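Subject: Structure handover

Hello,

Here is the structure I promised to pass on. Please open it beside this email and follow along.

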Amino acid sequence: ASLEFDPRENTSLGLELSYEDMLERSYSLESVLENVRRTAAKASAWRQLTPGIEGYAEAGSALLSDSNAEFWAGTSFAWKPFPEREVRLALSLDAQRYQDYSEYYYSPELDLGATLSLMGRLPVYGPLAFTFDVGGGGGLSQEQGETEMGPAYRVKAGFAWRRGGFSIDAD
């Protein structure tokens, strides 16, 4: 369930409550087989700072059915360099930690990440557009006293067709 409030133009505040299995969060089959459930709350804020720059921040926590707890926070800033195009360059920073270690899902003592992304929607013909999201960065993770650093990346591309209130996305 979620609640969104727009106190003024170009500003949005949100509150989200969820109850789900850990597969949604960790892609861990072991956690599903152990029936680990997650009850979470997240608060978020979005603001259009200038016509070309927007900011977003979120923080949340979750209680897990195996007596563990999760905490996270993140922020991002996006810049739209070309007003006539739906293309954005974004920088995001995030942090996450779990209260205790679990053998059934990724449960770091600390997980920090930073990502620089380029995303957009470029018209192809009429309501058809090419969509993309490419990003790269790095992170630091500490689990069971061991610290590791490594790269992070994603590449996503597809097509979107939108007409009126109807849309189809394939990526």
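How do the residues of the lining of the largest cavity divide into nonpolar, polar and charged? There are four nonpolar, two polar and three charged. Here Ala, Val, Leu, Ile, Met, Phe, Trp, Tyr, Cys and Pro count as nonpolar, Asp, Glu, Lys and Arg as charged, and the others, Gly among them, as polar.

Before going further, some ground rules. This is a predicted model, in which local features need pLDDT of at least 70 and side-chain atom pairs count only at pLDDT 80 or more, while totals for chains, interfaces and linings use all residues. Residues are numbered from 1 along each chain as its sequence is written, and side-chain values use heavy atoms, with hydrogens and water left out.

The overall chain

The chain has two helices and 10 strands. Helices (H or I, at least four residues) and strands (E, at least two) are DSSP runs, numbered from the N terminus. Along the sequence, the pattern reads β-β-α-α-β-β-β-β-β-β-β-β. The C-alpha trace spans about 50 × 35 × 30 Å along its principal axes. Of the 171 residues, 27% count as buried. Buried means under 20% relative accessible area, exposed over 50%, and partly exposed in between (1.4 Å probe, protein chains only).

The cavity

Both cavities and pockets are found on a 1 Å grid over the protein atoms alone. A cavity is a set of points where a 1.4 Å probe fits but cannot get out. A pocket is an open set with protein on both sides within 12 Å along at least five of seven lines. Lining residues have an atom within 4 Å of a point. Grid points are joined across faces, edges and corners, and a volume is the space filled by probe spheres set on the points.

The count is one cavity of 30 Å³ or more. The largest cavity holds about 30 Å³ of space. Its lining is Q48, P51, G52, I53, E54, A78, W79, K80 and R88.

The largest pocket has a volume of about 500 Å³. It is lined by 24 residues, and R25, E58, W72, A73 and D94 are the closest to its centre. Two or more lining residues come from each of β2 (11–21), β3 (37–50), β4, β5, β6 and β7. By class, nine are nonpolar, seven polar and eight charged.

The nonpolar patch

L49, I53, F77, W79, L89, L91, L93, L116, L118, V134 and V155 make a nonpolar surface patch of about 980 Å². Patch residues have over 30% relative accessible area and no salt bridge, and nonpolar side chains (Val, Leu, Ile, Met, Phe, Trp, Tyr) are joined within 5 Å, like charges within 9 Å. A salt bridge is a side-chain nitrogen of Lys or Arg within 4 Å of a carboxyl oxygen of Asp or Glu. Accessible areas come from the Shrake-Rupley method with a 1.4 Å probe; for residues, only the protein chains shown count as cover.

β6 (86–98) gives the most to the patch, with three residues. L118 is in strand β7. L118 counts as partly exposed because its relative accessibility is 35%.

Two loop residues

Most residues other than glycine have a negative phi. Y27 has a positive phi, near 55°. Y27 sits in the loop between α1 (23–26) and α2 (29–33). Y27 is exposed, at 71% relative accessible area. Q144 also has a positive phi, of about 55°. Q144 lies in the loop between β8 (128–143) and β9 (146–163). Q144 counts as exposed, at 52% relative accessibility.

Best wishes
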